[in-house]
Amino acid sequence: MTENADEGLRNIRYAEPHETLDYEAFRQDYVLPDWKDTRKLYRKQPVRDLGGGRLEHKHVYYSREVWEQEWEQLWSKVWLHVGHLNDIPRANSFMKVDRGPESVLIVRGEGDEVRGMYNVCQHRGARLVMQDFGSTKKFVCPFHRWEFGTSGELLKIQDRESFREDAICHNLDLPPVRTAVWRGWIFMTLDDGAPPLEEFLGADLIERASAYDFEKVLRIRDVQQEWPANWKTAHEAFVEGYHVQATHPQLYSAVNAYHAQTDLFDNGHALSIYQFMSPSPQYASRLSNELAEEHKIFLREAGIKEADFPKHWSEVPEAIIKAKKARKDYVIDYEKFSEGQLIDDWGMGVFPTTEMFLHPEGFFIQQWLPHPTDPEKCIYQVQVYAVPGIGELPSFMAVEDADLSGEKVLPRTYADPDDVDVSGPVVKQDRVLVPRVQSGIHSKGYKGGIYGDQEIRIRHFFDEYYRYVSK
Ligand code: FES
Ligand SMILES: [Fe+2]
């Protein structure tokens with residue numbers, strides 16, 4: 001661990017809970033209060049009994065054999081969330097998508113048409129494109145200058161006369177990759193036999209996401225960073241709210257992680273709804289009546305003047321909901337959202353590892369992708385998409401300043417793997433702890449994961465994982 005990371009750990013202030021709650025309070029069948037749901041979106045998915053025993057399969061977090069199996073049997077089979085139509089805004093715009101050892105080009109055609117093709121020259125296998133986003137009329141291989149069109153068709157073999165006919169009689173176009181677009185989001189799959197995208201996503205997840213302005217958004221942040229942990233070790237730390245009290249004590253006044261509603265969908269997808277601006281109940285009694293800084297920030301963002309702030313933190317959620325609903329002539333039509341959606345954080349998990357925090361104003365999307373060669377590393381990707389015209393950017397986006405004109409396509413940034421500060425103080429705490437877990441999993445003194453009901457999404461993930469990956 002670097003010096004930088006040690007310092008990160010020292011800075012964590014642990015908080016002791018003031019109250020012990022009844023077990024009943026966080027059972028899997030917990031449903032957020034009805035008053036918040038004017039559109040009945042808090043309908044609870046059926047509870048799934050996924051067992052309670054220890055998962056004794058710790059080798060899946062470091063075995064090279066499993067990592068290869070995962071690539072062939074899981075990552076090459078499912079639909080993968082890769083971007084948005086606005087990332088490739090015009091005909092002949094393209095983006096390069098790297099997943100594990102594979103690289104794919106996604107090209108915009110006329111209208112909403114999107115084409116996928118492997119990013120590999122058919123001559124001797126050079127990667128054709130190294131740029132993440134761009135626009136071009138043709139792809140020219142840097143090695144010997146073979147040329148391919150934006151539909152993948154072979155356009156030109158340099159010095160063609162020097163090749164014998166039997167060397168070039170094959171189909172030498174770039175092999176296609178299947179893509180599909182759902183409400184602006186682009187997905188791809190390396191499996192031609194995969195079911196249609198909307199069948200993979202499922203009706204429940206599609207319904208819960210219906211109010212959000214997915215089609216409109218623009219990417220305002222895009223960072224990738226290598227993390228020293230298996231992709232599953234890292235992803236698991238982001239699908240349970242149980243660690244928030246110990247790892248992120250600064251959040252206890254602002255996020256009720258204890259009373260999260262967790263809905264488990266088919267095909268490994270899920271929704272975790274976290275109540276914002278409400279403290280976790282174990283800690284509520286340690287709050288003074290005054291507003292915490294987080295409360296004030298959210299009130300300001302809802303357009304409420306300091307003089308009109310409520311006096312007690314318990315009145316903050318309703319004040320924000322009221323202010324947003326009263327906001328007319330604004331770029332977002334808050335009327336189409338349920339009251340809870342105006343304040344809470346809807347964490348939509350798209351299998352395998354796309355975690356989308358949804359708010360009416362925009363989306364904070366994280367992914368933990370397999371490293372191209374190393375089972376004990378992963379690629380952390382964070383992207384923020386915002387609705388153009390929202391004015392000041394809400395603090396959950398963690399973006400200071402952004403160009404929302406749509407004129408330029410934002411490039412991707414690659415962060416130094418040792419820079420634990422790259423994604424703000426909360427992700428820093430996770431980034432520092434995740435490698436500790438990766439290291440501990442190897443120990444002879446550790447037998448495998450134990451999961452409580454607050455961590456049910458991890459069991460749900462493995463339930464789906466083993467539908468793909470053979471044991
Ligand atoms: S490898 Fe691409 S032209 Fe030779
Ligand atoms: Fe965390």
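This is a predicted model: local features need pLDDT of at least 70, side-chain atom pairs count only at pLDDT 80 or more; totals for chains, interfaces and linings use all residues.
Colleague: Let's start with the overall layout. Which domains does the assignment give for this protein?

Modeller: The domain assignment lists domain 1 as 3-77 + 203-468, and domain 2 as 79-193. Their C-alpha centres are 33 Å apart.

Colleague: How many residues of the two domains are in contact?

Modeller: On the domain 1 side 19 residues take part, and they meet 15 residues of domain 2. For the part of domain 1 that touches domain 2, look at α2, β11 (218-227) and β16, each of which supplies at least two residues. Sorted by class, that side of domain 1 has twelve nonpolar, three polar and four charged residues.

Colleague: Since α2 came up, how do I read a helix like that? Which of its residues are buried?

Modeller: With a helix, ask which residues are covered and where they sit around the axis. In α2 (residues 64-75), V66, W67, E70 and W75 are buried. These residues are on the same side of α2, because they cover an arc of only 100 degrees around the axis.

Colleague: And what does the face turned away from the buried side carry?

Modeller: That face has the exposed residues R64, E65 and E72. As for the buried residues of α2, they pack against β2 (93-99) and β16 (362-370).

Colleague: Now sheets. In what order do the seven strands of the open sheet run?

Modeller: The order is β1-β10-β9-β4-β3-β2-β5, with antiparallel pairing. β1 (80-84) and β5 (133-135) are at the edges with a single partner strand each, so one side of each has no neighbour in the sheet. On average, neighbouring strands here are turned by 30 degrees against each other, direction ignored.

Colleague: Can we zoom in on one pair? How many bridges link β9 and β10?

Modeller: Five bridges, in the antiparallel sense, between β9 (residues 176-182) and β10 (residues 185-189). To see one of them, find T179, whose bridge partner in β10 is M188.

Colleague: What about the sheet with three strands?

Modeller: That open sheet has the order β6-β7-β8, and its pairing is antiparallel. β6 (138-140) and β8 (154-156) are the edge strands; each has a single partner strand, so one side of each is left without a neighbour in the sheet. The twist averages 35 degrees from one strand to the next. Three bridges join β6 to β7 (residues 147-149), and F139 is opposite F148 in β7.

Colleague: Is strand β15 mostly covered or mostly open?

Modeller: Strand β15 (residues 354-359) is mostly covered, with five of its six residues buried. It pairs with β14 in the antiparallel sense over five bridges, and a hairpin of three residues joins β14 to β15. Here V350 is opposite T354 in β15. β15 also pairs with β16, antiparallel and over six bridges, through a hairpin of two residues. In that pair L358 is opposite F363 in β16.

Conventions
Residues are numbered from 1 along each chain as its sequence is written. Chains are lettered from A and ligands numbered from 1 in the order in which they are written. A residue is buried if 20 or more other C-beta atoms lie within 10 Å of its own, exposed if 12 or fewer, and partly exposed in between; C-beta atoms are placed from the backbone. Helices (H or I, at least four residues) and strands (E, at least two) are DSSP runs, numbered from the N terminus. The arc is that of the directions from the helix axis to the C-beta atoms. Two residues are in contact if their C-beta atoms, placed from the backbone, lie within 7 Å. Domain bounds come from an automatic or database domain assignment. Ala, Val, Leu, Ile, Met, Phe, Trp, Tyr, Cys and Pro count as nonpolar, Asp, Glu, Lys and Arg as charged, and the others, Gly among them, as polar. Two strands pair if DSSP finds at least two bridges between them. Axes are lines fitted to C-alpha atoms, for helices over the stretch in contact, and angles run from 0 to 180 degrees between N-to-C directions.
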